[in-house]
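This briefing goes through one model by topic, beginning with a strand pairing. Please keep the sequence and the structure open while reading.

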Amino acid sequence: MKRRRLACALLATGVLLAAAPARSAPSDLVTSWLAPSDLVVAEPQRYHEYGAVVVYRERRIRMLNEWGADGTTMILDHAAIAILDPSGQGHANVRVWYRGDWKVRDFQARTVAGDGTIQEVSPENVYDEKVTAKAGDDEGWSIKVFAFPRVEPGVVLEYRYLLVLPYARPQYWEYCVDDLPVIRYDLTVQTTPETVLLLKIYNTRQKIVTTTEDGLVTLKWTLKDLRPPPDETNAPAKQLRAPWWVASMVQFTRGQRVIHLSTRWEHALRWYFKRLVTDAGDDLKGYKCPLAKVDGEAPARAVQRAFEWVRDTPVFQGFQDFSDLRPLAKTLKTGRAGSFEGPRLLQQILADLGIRADVAFLRRWQSGAFDATVPATFWLNHMLVRVPAQAGIPEALWLDPSCRYCAAGTLPFYDQGVDAVVMKMQGGVMQELPDWEMVRPAGTPANADGFRRSFVLDVDAAGRTTGTLAVEMAGDEGEQHARSARDEAPGAQRRRFEGYLAHRFPGGKMLSFEEDLGGGPSRPVRYVLRFETERATSSAPGEVWLPLGFLSSGRERQSWPDQRTQNLVIRDPEEFQETVEVRGPKGWEVRVDPIEGRVDGEVATAECRLGAEDGTVRASRSLSLRRGSWGPDRYGEVPRAIALMSRVKHAAVRWVDPHGVPAAASGPAAPARPARRPPAARR
Amino acid sequence: MRLSCRIRGLTILLAMLASVGARAADAPAPPPDDADADTRVLLEDVTLSFGVDRKTGKPYADLDMHQRIRILREDGDSAASRSVSYRKGRSDVLRIEGSTTLPDGRVERLDPKDVTDSLAIPEDELFSDTRVKRFTLPLATKGAVLDYRYVQRDYELVGAFLERMGNAAPTDRVRFRVVVPQGAVVEHVVMRGNDPADLPPVESDLPDGARDRVWELSDVPGDIAEPFAPARSYSQILVMVALKSMPVDGRTFTGMPDLPALVAWVDARYREQSRPDKGLEAQARQILAEAGQPVEARDKARALYEWVQDHIRYVAVELGDGGWIPHAAGSVLATRYGDCKDKANLLAAMLRVVGIESVPVMVLTREGPVRRVVMPSRGRFNHAILGVRLGDALVLADPTSTTVPFGQLPAGDQDADIMVADPARPRMEHTPRDPAESSRKEERTDLQVLPDGSLAGTFAIRFVGAKAHAARASYRVRTPKSRKDYVKENLELTLDGLEIESCEPPVGTARDDTFELTGRLRGLAPVAWSGGTALVQARSLVGYSEASPSGDARRAAFQREWSSTETVRATVHFPHPARAVSRDWGGTREGVTGTYRWSGSVVDGALVVERSATFHPAQVGAADFGTVIAPVFRAVSASDAPLRVEFGGEVKP
């Protein structure tokens, strides 16, 4: 993986233990339009492929905590975008999102034509509306929408506005580059001298400059000529590749008191702790444990029972965040649970069954960056339950009920290899802050995707084929397949296989079909079907051909990074194995070009064989993709491995009647080639 | 981009509801055809009634919708998520209630606090005042019965109310009841597809002098999800109801206008919004000056049309009457943006400056099958273009398109019903359709098999006619960076590891009738070798446009919606000259919806694979599918067999 570059500034600029001296309020945050010379794109051809380029982007953030009870946050956004091509005109429609209790001030936008003519966006063409109105929610999101006038290639679109939040927002983060290149990016973060502010910048070496302006501690940072990270299907998350920053208010003083916002993780988790432990009344209102306590039930059995109930009963609503957490009674009433609601419910049920359990928060693997040195909840996008060792449970147990194919104690790939903040669910009467520990979840990894397929085929002298196809799907792939297959109409899988046979074997017709959707993580899904074809795939008098195109598995096209690929991540490990055994017409000569190859790398291993022995053709293909993240030096392994797989798929077997005359071959018949492997290695 | 005007009010709501998935069978097992349904609609009961708001004195229509749905499978839980749209100030949702009855008899009610109210800006608009109320019924598990009801009030009674007598899911019983107030005139039309349907309502008197009209159906089949299956609008009955007049406080309130009145209304609004100002007059004259001061009216019209095409960006803002009335031409000129009616109206204003008259034309565009407009009203059209008077002719012009030449129509406007808003002669017409031969895609690849088993070579994709206009318009909005992907998406050739190495910038002007993309590509050769023979997966080289018949297709019916022609040719050079190809690869199949040809041959030592297809719009019923359509599909399937190429000696790449 590419080395992460980091710039960081931690400012403890005078943590005052006495009252701060009276100071005048800083001047208002304002910005002026850019000068005409700043709007010129010097080398537009460098950015042409994007259709538009951000000439300038300015972000100024003021995190102030001294005025009013809750402080103030001011966010100034100023941008200028040059339109280079008709395809860039999509950037001329702008939507500014803000919350109901925020103010949008000094909103201005204009189009600057190539000849310097300016047309401003008139206020009547700016539309402002509340996006979501929910009963009792006055702070929902609103939106300001406008379109720049007179947009055509050659113009520059410039807009600026100030968002004022009626509270000191403790954290703020932003990517410096989105889908357009940025010629210049200026960041200014300001706060009062009584505040300890942490500014961290990732994936760049650019230095932060610290000054004092207007009586405020000021951190400034400028980046030039930023390119969007390549848009690649198998790339790691953008936070791991593109420059971005986070500003976090660590602590400030009010009077003689030091207010810790995120000095340590107990401060960052304070609101979670309040919601779930010290002030959990609303959360528990109307809740009744859905599982009855069973007298004499072993704790481990109770854990398993509760886990399976939460995993299987409420309909999983996908990954959410903590703010989506609804009261427990609501989760039960609606029968739907998100990735935070399920674990919360499980923890409560375990507590009701007499099992001590804590909750844990983490950043799912490869879903973005996680920097534990910046204690903040915005990193955390997943929730687990951790059952500490206790009577009847000899070792701590991690539970992820959002993983629908996991058993108790099994971890899906995204929970592995990352640290989790465990928040203890006990609190004393006066306790405001939680006890916590940073732990790497341990458990049995969920089974890797496993797909096995075998063909046993007989081809007769007329080219008709009869055969058996057996398919096995294990691990995650099997579990997910079985789950969706159970939801489908009866016979849907059979019809799907019929379609495959009809498409891949001319006149392919199913003779029998067996289906076993498996029994949980340990018993794989299995299909066995027998079939025959009405006619040969390709034949002529005296010869029969069997192309191996039926081996198409979808894997030949997926995960195909091309030569421009910069990064590669395999999130879900995968094992694919396939064997083919074909017997041709009795007494006929088999002709097949042997294939034997292996790609053995850090990311992928593939092995393929094709050959004939004793009149029987045998082929095998295997592909193993390992979980991990790699830079440009490794991406080539996957296309090489898949190209090797494709070689066998593109091969063909030919049988020739030694006593007949091949019809179409007008040249001399090619001699059959022996398999290259020595006989000893054959079996 | 595309289409500005929107079907409004209750019509959009009803259309949306009719398309919402829902299914199920009460106690009896579902019939075999519904075996793959996730849900079954046990009851859909809709009542439309009219009244007068006591405070404002304004008439309104209340639509009371009640549905009961059984969830048959776990996947059916999505039926629990419902939405009702409305437009601020023009309609409202008065009441939403719902509950879920679980298999054990327990009933869970929808909490009113869980109903959200969100802004709903459609993707192709900048802004709109449409909002949507969303709710999810609780505990929607397999076996549960969902029950919900809402009342939507509409204050605009100028359009028709539509009720589709069925759902995407099989429906046990659907009932549509219209309460006609005493003295009111309410018209109705019942259609199946584009034809009148024989489903008369049952009428009865009510105690207060009103009359009931009730349409009712049982056991309505749901959707069949398979390629080329006709839309439900062709199989299910649609009831359209319009309030024409109603007595209100001793006066007569007029509801949906007739065609002349509707045309007069449109004409007046467009005229009002297209009054030229000095800036607009100057701009129109400048455009003509830059075009070399054309003399002929047609040339003047073309110059102005092209300017509007090129300089007015498509941006739709639909507030209040914005769905129907264009913004003032002067303001569209000032901002240089607008939607279809804004662009058409600006063009009308400019034409008037130079002495050319025009009339607004409302279109129900084709986004698939031909749709006929019955009971024309505001809500029945979704697009606005212009009819330009040139002598005795009315030339239809769609300035929303960016690539279609003056005098031609984009594919979506062809074979479509239009309302010509000419107050002197209000009328409905139907636009012509280009023949399949004039809308073509031609693909040529010239490829060399390389020693490492890959292929490399050149490609040329040439679009002609309506296909050229559409392709150029799509290509223009792709960033230069993503244009290689555009080529990949449009190539019929499909290879493992296909990579577009280069793509030349297309030549020609914005409105040429041809559009050509050329460049170089590489990928894995779909070729297997044995001795002096190669097996070529020829269909990978020339593709095919049909969904191949698969085991899960039941082919209840078949519908082709567009006319076009495709010809694809791949030339493959091997390391050694090819001598012959197997004769069993190739053929021709003709059906009522098109012709399909494929062939392979050796020309100058190279393999040449060709495939062509001509498609005509047509619809074929279930009875004819097997004899008329299936042979073409079988031909497509046969071309999946490999093509054998002989070299006359042992060769390998």
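B:Ile418 has B:Glu429 of strand S25(B) as its bridge partner. The model is predicted: local features need pLDDT of at least 70, side-chain atom pairs count only at pLDDT 80 or more, and totals for chains, interfaces and linings use all residues. Residues are numbered from 1 along each chain as its sequence is written, while chains are lettered from A and ligands numbered from 1 in the order in which they are written.

**Five-stranded sheet of chain B**

- Strand S24 (residues 417-420) of chain B is antiparallel to S25(B), and four bridges join the two. Strands here are DSSP runs of E with at least two residues, and helices are runs of H or I with at least four, both numbered from the N terminus.
- These strands belong to an open, antiparallel sheet of five strands in chain B, ordered S23-S22-S21-S24-S25. Two strands count as paired if DSSP finds at least two bridges between them.
- Strand S23 (393-397) and strand S25 (427-430) of chain B each have a single partner strand, so one side of each is left without a neighbour in the sheet.
- Neighbouring strands of this sheet are turned by 35 degrees against each other on average, direction ignored. Axes are lines fitted to C-alpha atoms, for helices over the stretch in contact, and angles between N-to-C directions run from 0 to 180 degrees.

**Eight-stranded sheet of chain A**

- Chain A has an open sheet of eight strands with mixed pairing, in the order S29-S30-S28-S27-S34-S38-S37-S36.
- At its edges are S29 and strand S36 (595-600) of chain A, each of which pairs on one side only.
- The twist from one strand to the next averages 10 degrees.
- Six bridges link S36(A) to strand S37 (residues 604-613) of chain A in the antiparallel sense, and A:Arg598 stands opposite A:Glu607 in S37(A).

**Helices on the chain A sheet**

- Helix H7 (residues 475-487) of chain A packs on the sheet and touches strand S27 (449-459), strand S28 (465-474) and strand S30 (525-532) of chain A. Contact means that the C-beta atoms of two residues, placed from the backbone, lie within 7 Å.
- The direction of H7(A) makes about 80 degrees with that of S27(A).
- The 13 residues of H7(A) should span 18 Å at 1.5 Å a residue, and its end C-alpha atoms are 19 Å apart, which agrees. The expected span is 1.5 Å times one less than the number of residues.
- Buried residues of H7(A) include A:Gly475, A:Asp476, A:His481 and A:Ala482. A residue is buried if 20 or more other C-beta atoms lie within 10 Å of its own, exposed if 12 or fewer, and partly exposed in between, with C-beta atoms placed from the backbone.
- S27, S28 and S30 of chain A are among what covers the buried residues of H7(A).
- H8(A) lies across S29 and S30 of chain A and runs at about 140 degrees to S29(A).
- A:Pro506 sits in the loop between helix H8 (492-504) and strand S29 (509-516) of chain A. A:Pro506 is buried, with 20 other C-beta atoms within 10 Å.
- A:Trp141 is 365 residues from A:Pro506 along the chain, and their C-alpha atoms are separated by 58 Å.

**Nonpolar cores**

- The largest nonpolar core has 164 residues, of which A:Val53, A:Ile81, A:Leu197, A:Met423, B:Leu304, B:Leu347 and B:Val361 touch the most other members. A nonpolar core is a set of buried Ala, Val, Leu, Ile, Met, Phe, Trp, Tyr and Cys residues joined through C-beta atoms within 7 Å.
- A second, separate core of 75 residues includes A:Val544, A:Trp545, A:Phe550 and A:Ala619.

**Composition of the chains**

- Chain A contains nine helices and 40 strands, and buried residues make up 41% of its 683 residues.
- Chain B contains ten helices and 39 strands, and buried residues make up 48% of its 653 residues.

**Confidence**

- The predictor gives the complex an ipTM of 0.88 and a pTM of 0.87.
- The mean pLDDT (the predictor's confidence in each residue, from 0 to 100) of chain A is 85, and 87% of its residues reach 70 or more.
- In chain A, pLDDT stays under 50 over residues 1-22 and over residues 662-683.
- Chain B averages a pLDDT of 87, with 88% of the residues at 70 or more.
- Among the elements of chain B, helix H1 (residues 9-19) has the lowest mean pLDDT (33) and helix H4 (residues 297-311) the highest (98).
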